[in-house]
Amino acid sequence: MTVKVSFYSYFKELAGVAAAAESLPAGATLGELHDRLMERFPKLAPMRKSTLLAVGVDYQPRSCVLKEGDEVSLFPPVQGG
Amino acid sequence: MKCRCSRRCKGADGIGDCMKRELTITTAAIDEAALVSKRVMSHGMGAAVYFAGVVRDSEDGVAIRAIEYEAFEKMARHQFELILQEIEKRWPVESVRLVHRIGVVRVNEASLWVEIIAPHRGEALAACEFLIDEMKRTVPIWKKPVA
């Protein structure tokens, strides 16, 4: 399956792109996708623990099972206000 | 769809005693006077609490001219709505209006404006603090200092 990945804030600069597609085996979890993205975009790896992960418009745990076409977002801690 | 508010609201589809909300995410300057002039309070309400977050002239001890705000807007709106739903469950708030700027906001300009209307100051102040604390924890908006 393929999922769309978007990066926000300075994660865009670190990844070098604002969005990317990633192919995963069926049943893959958000955590597995995150691990794969840390290899593909190694400049994001130091922020691994503080990275926030969302599927669609909701935060999800690493155990979240992804499905075809999911829109996943990775970003640093938020700073509104 | 039945109303989800916890105030024994008789209405459906969000009509009835439900908390009113108005959320604006905009690149335009926040006109606080114009916003306050549009305040609507029913006769049972006794507290209108306002908060403005204003850009300071330094960030981590370094002088800046502005802050550039970026939002993942679709998710930001959803996360704000989750916070508003929680406020509706916790306090008898009549209305919440919130404006958050994105783009470049210069020093001394407001980046955030909030109005909470409730029967008493305690619940209005508590709801306002909760809203801002939760926003800073969950709403995907980021800032970048502009030197």
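Visitor: What share of the chain A contacts with a separation of 6 or more comes from residues 24 or more positions apart?
Guide: They account for 59%. A contact is two C-beta atoms, placed from the backbone, within 7 Å.

Visitor: What sort of model is this, and how is it numbered?
Guide: It is a predicted model: local features need pLDDT of at least 70, side-chain atom pairs count only at pLDDT 80 or more, and totals for chains, interfaces and linings use all residues. Residues count from 1 along each chain as its sequence is written, while chains are lettered from A and ligands numbered from 1 in the order written.

Visitor: Which elements does chain A have, in what order?
Guide: β-α-β-α-β-β-β from the N terminus. These are DSSP runs, numbered from the N terminus: helices are H or I, at least four residues, and strands are E, at least two.

Visitor: How much of chain A is buried?
Guide: 23% of its 81 residues. Buried means 20 or more other C-beta atoms within 10 Å of the residue's own, exposed 12 or fewer, partly exposed in between; C-beta atoms are placed from the backbone.

Visitor: Now α3 of chain B. Which residues are buried there?
Guide: Ala124(B), Ala127(B), Cys128(B), Leu131(B) and Met135(B). They cover an arc of only 100 degrees around the axis, so they sit on the same side of α3(B). The arc uses directions from the helix axis to the C-beta atoms.

Visitor: What do they pack against?
Guide: β2 (47-54), α2 (73-90) and β8 (110-118) of chain B.

Visitor: And which exposed residues are on the face turned away?
Guide: Gly122(B), Asp133(B) and Arg137(B).
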